[in-house]
Amino acid sequence: TRTSRPQRILKAVQRKATVGDPQSVITAIDHFCRHREWAMNVGDEKGSILDSVVNEVSPVTVLELGTYCGYSTVRIARLLPPGACVITLEFNPDYAAIARQVIKWSGLEDKVQLVEGASGDCIPWMKEHFGVQAFDLVFLDHWKERYLPDTKLLEECGLIQKGTVLLADNVICPGTPDYLEYVRNSPRYNSHYYRSHLEYTKAEDGLEKSVFLGY
Ligand SMILES: O=C(NCCO)c1cc(-c2ccc(F)cc2)cc(O)c1O
Ligand SMILES: [Mg+2]
């Protein structure tokens with residue numbers, strides 16, 4: 001049977017990127033997805049906004065919801081200082097298997113913990129299992145209907161504390177209307193919309209950054 005799209009993305013990384021060079025992995029995936037086959041990576045345009053938020057927050061612990069092929073995991077991890085790490089959750093085992101290899105090719109495996117499972121099941125175990133107090137940055141990029149319930153679950157588990165920054169992909173396309181309404185109307189969040197485009201296209205999309213103000 002045919003290879004999968006994630007397998008073809010990994011092949012492009014292995015053909016075009018240099019082992020241990022995260023930027024070359026990012027460039028190889030963006031080139032493949034722009035010129036060969038579209039895929040749902042955050043991409044270079046929104047990726048630059050992600051970079052600027054990571055640099056502004058200088059997080060010690062990052063939670064990424066939705067790994068896919070590991071493109072944004074590599075973007076985030078390449079900016080982290082020694083001792084900082086990103087925990088990334090992926091429900092789909094085929095995506096997780098490819099992401100592990102992409103992350104390894106980039107040489108950033110020491111800064112990444114990839115967890116396979118459903119966010120709703122894994123989040124309640126984060127504190128106990130990973131010794132996490134609270135996340136400094138959460139990048140939401142998984143099933144769009146899970147953004148709001150998982151944000152509420154993170155609040156209930158005490159994994160979001162005063163100053164925690166939530167950065168959500170795809171708030172326009174495919175769209176996360178209930179999540180947007182919540183963070184924009186809640187007195188406990190300060191929200192800002194970064195207007196951009198759906199990865200590798202001219203369609204509008206954007207990132208919503210929401211800072212938790214505490215209770
Ligand atoms: O579903 C998504 N992510 C979770 C996967 O487990 C996702 C989808 C799309 C997209 C797809 C189809 C289309 F027509 C437009 C957008 C884009 C993204 O950036 C995404 O993150
Ligand atoms: Mg996305």
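Which residue in strand 4 is the bridge partner of Glu64? The legends below, for close-up views of a predicted model, begin with that pairing.

**View 1. Strand 1 beside strand 4.** The bridge partner of Glu64 in strand 4 is Phe139. Strand 1 covers residues 61-65 and runs parallel to strand 4, to which four bridges join it.

**View 2. The side chains of strand 4.** In a regular strand, side chains alternate between the two faces of the sheet. Here Leu137 and Phe139 point one way from strand 4, while Val138 and Leu140 point the other way. These four residues are all buried.

**View 3. Strand 4, helix 8 and strand 5.** Together these three elements make a right-handed β-α-β unit. Strands 4 and 5 run parallel and are joined by four bridges. Leu140 stands opposite Ala168, a residue of strand 5.

**View 4. The magnesium ion (ligand 2).** The ion is coordinated by Asp141 (OD), Asp169 (OD) and Asn170 (OD1), at 2.0 to 2.2 Å. Along the chain, the donors follow the spacing D-x27-D-N. Asp141 lies in the loop between strand 4 (137-140) and helix 8 (147-156), and Asn170 lies in the loop between strand 5 (165-168) and helix 9 (171-175), so the pair ties together parts that are 29 residues apart in sequence.

View 5. Are Asp141 and Asn170 buried or exposed? Asp141 has a relative accessibility of 13% and therefore counts as buried, the cut-off being under 20%. Asn170 is also buried, with a relative accessible area of 4%.

Key. Residues are numbered from 1 along each chain as its sequence is written. Chains are lettered from A and ligands numbered from 1 in the order in which they are written. This is a predicted model: local features need pLDDT of at least 70, side-chain atom pairs count only at pLDDT 80 or more; totals for chains, interfaces and linings use all residues. Side-chain values use heavy atoms; hydrogens and water are left out. Donors are N, O and S atoms within 2.8 Å of the metal (3.2 Å for Na, K and Ca); water is not among the atoms, so sites may look incomplete. Helices (H or I, at least four residues) and strands (E, at least two) are DSSP runs, numbered from the N terminus. Buried means under 20% relative accessible area, exposed over 50%, partly exposed in between (1.4 Å probe, protein chains only). Two strands pair if DSSP finds at least two bridges between them. A crossover is right-handed if, with the strands pointing away from the viewer, the path from the first strand over the helix to the second runs clockwise.
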